[in-house]
Amino acid sequence: MLLSHLKENPDLVRGRINRKSESRRKMVESWDNIANIINAAAEGPQKNGKEWAKV
């Protein structure tokens with residue numbers, strides 16, 4: 001599940017969206033959205049966006 005989202009959003013793998021000041025906010029929002037999707041699955045660990053970004 002995480003892999004498919006990272007393939008769709010390669011900027012998350014690189015750790016930056018662009019060099020603008022909004023980049024960090026967009027990254028946090030993106031990881032939080034991914035965390036919500038993954039955590040909705042019935043199995044597996046429950047983590048927040050910051051924790052999933054470390055994986």
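# A guided reading of the model

User: Where is the place of Lys47?

Analyst: Lys47 sits in the loop between helix 3 and helix 4. The model is predicted: local features need pLDDT of at least 70, side-chain atom pairs count only at pLDDT 80 or more, and totals for chains, interfaces and linings use all residues. Residues are numbered from 1 along each chain as its sequence is written, and side-chain values use heavy atoms, without hydrogens and water.

User: Over the face of which residue does Lys47 lie?

Analyst: A charge sits over a ring if NZ of Lys or CZ of Arg is within 6 Å of the ring centre and within 35 degrees of the ring normal. Lys47 lies over the face of Trp52, 5.0 Å from the ring centre.

User: How many helices and strands does the protein have?

Analyst: There are four helices and zero strands, and the order from the N terminus on is α-α-α-α. Of the 55 residues in the protein, 24% are buried. Of the contacts between residues at least 6 apart in sequence, 27% join residues at least 24 apart.

User: Which residues form the largest nonpolar core?

Analyst: In soluble globular proteins, nonpolar side chains tend to be buried together. A nonpolar core is a set of buried Ala, Val, Leu, Ile, Met, Phe, Trp, Tyr and Cys residues joined through side-chain atoms within 4.5 Å. The largest one here has nine residues: Leu2, Leu6, Leu12, Met27, Trp31, Ile34, Ala35, Ile38 and Trp52. Helix 1 (2-8) and helix 3 (23-39) are the elements that give two or more residues to this core, and helix 3 gives the most, with five. Leu12, one of the core residues, is in contact with Leu6, Met27, Ser30, Trp31 and Ile34, leaving aside neighbours within four places in sequence.

User: Which residues of helix 3 are buried?

Analyst: They are Ser23, Met27, Trp31, Ile34, Ala35, Ile38 and Asn39. Seen down the helix axis, the buried residues of helix 3 fall within an arc of 130° (taken from the directions from the axis to the C-beta atoms), so they line one face of the helix. Met27 belongs to helix 3 and is buried because its relative accessible area is 10%. From Met27 to Asp11, 16 residues away along the chain, the C-alpha separation is 8.7 Å.

User: What is the place of Gly49, and which residues does it touch?

Analyst: Gly49 is in helix 4 (residues 49-54). Its relative accessibility is 3%, so Gly49 counts as buried. Gly49 touches Trp31, Asp32 and Ala35, residues up to four places away in sequence not being counted. Gly49 and Ile34 are 15 residues apart in sequence, and 7.0 Å apart in space from C-alpha to C-alpha.

Definitions and conventions: Buried < 20%, exposed > 50% of the residue type's maximum accessible area, 1.4 Å probe, protein only. Contact = heavy atoms within 4.5 Å.
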